[in-house]
Amino acid sequence: MLRNITVFGSSVVDLMSRAPHLPAPAETVKGSFFMQSPGGKGFNQAIAARKAGGDVAMITKLGRDSLSEIPLRAMREADLSEEYLFFSDSVPTGTALIMVDETTGQNAIVIVPGACSAVTDADIATVSEQICKCEYLLLQLEINQDANETAAKLAKEHGVKVIVNTAPYQPVSDDFLRGVYLVTPNEVEAEALTGVAVTDIESADRAAEVLFAKGVQNVLITLGSRGVYLNAGGVSEIIPAYRVNAIDTTGAGDAFNGGLIAALAEGKSLRDAALFANALAAISVQRLGTTASMPTRGEIDAFLREHG
């Protein structure tokens, strides 16, 4: 069964600990909490989109090991089909080591992508129909880039709207960006992509112009607690974030991107989709973990009613 949203990207197992502060180099800090859970930018975004009501195909690669059972269990709980998964016999399931400052909610992360950095053209060929016939394809930069290039090319050739979340940042070619419907960097990634330091709406406009010159159709830059910058159809604005008490910002960007694509696939405008995604991210940062923090559609709708 084909889905109208395809999320093609990483799946890793998050090993998350909380401590009074993040350790300095060579420092050992006694933590207060540990949790093992499914994660990875692609996986987080797929779960967020699915729980928000999206009809999602998640394409990723796992190892044939005990850690793979963690994302598989989460997919079953979210009613997310396993039919688009690949498995490696030689490369283990990826992992992410996450340290969270329990005072500020800030985090430090080391990712070992594992199997999801070994996606092959042969893998992609088995899911090409889903990629070519969906409405939206969401990509990140946490898998091997040649696989992203292949998937994006297929999608663009068949009129699929490609969204690229440029995280974690790595250099990408102008050919990869050309024809992309939307890019969603944060301020740091936007500067790396364009050479423009994004500090206000004027500098964001300049960064957007660089991306438009590369062939990107629309630009959205996430600004953390300040909200998001959106430049679409010749109009730019900063959409404020909801004010909440954040306890764990891990996965907030993934929550946003998952909510964004779910809303777009429902037919919402880019601006309305960004408002919806802001709400999803605001709920997620008030909870611990990544996929575990993603709210249901009912929770998102209730939050929007409460906050206008």
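Me: How are α10 and α11 oriented to each other?
Reply: They are roughly perpendicular (65 to 115 degrees). The axes of α10 (residues 270-284) and α11 (residues 297-307) come within 9 Å and cross at roughly 105°. Axes are lines fitted to C-alpha atoms, for helices over the stretch in contact, with angles from 0 to 180 degrees between N-to-C directions. Helices are DSSP runs of H or I, at least four residues, and strands are E runs of at least two, numbered from the N terminus.

Me: What kind of model is this?
Reply: This is a predicted model, where local features need pLDDT of at least 70, side-chain atom pairs count only at pLDDT 80 or more, and totals for chains, interfaces and linings use all residues. Residues are numbered from 1 along each chain as its sequence is written, and side-chain values use heavy atoms, with hydrogens and water left out.

Me: Which aromatic pair involves F303?
Reply: F303 pairs with Y242: the ring centres are 5.1 Å apart and the planes at 85°, so the pair is edge-to-face. Rings of Phe, Tyr and Trp (its six-membered ring) pair if their centres lie within 6.5 Å; planes under 30 degrees apart are stacked, over 60 edge-to-face, the rest tilted.

Me: Where do the two residues sit?
Reply: Y242 is in the loop between β13 (235-239) and α9 (252-265), and F303 is in helix α11, so the pair ties together parts 61 residues apart in sequence.

Me: Is F303 buried or exposed?
Reply: F303 has 8% relative accessibility, so it counts as buried (under 20% relative accessible area; exposed is over 50%, partly exposed in between; 1.4 Å probe, protein chains only).

Technical notes:
Angles under 35 degrees count as roughly parallel, over 145 as roughly antiparallel, 65 to 115 as roughly perpendicular and the rest as oblique.
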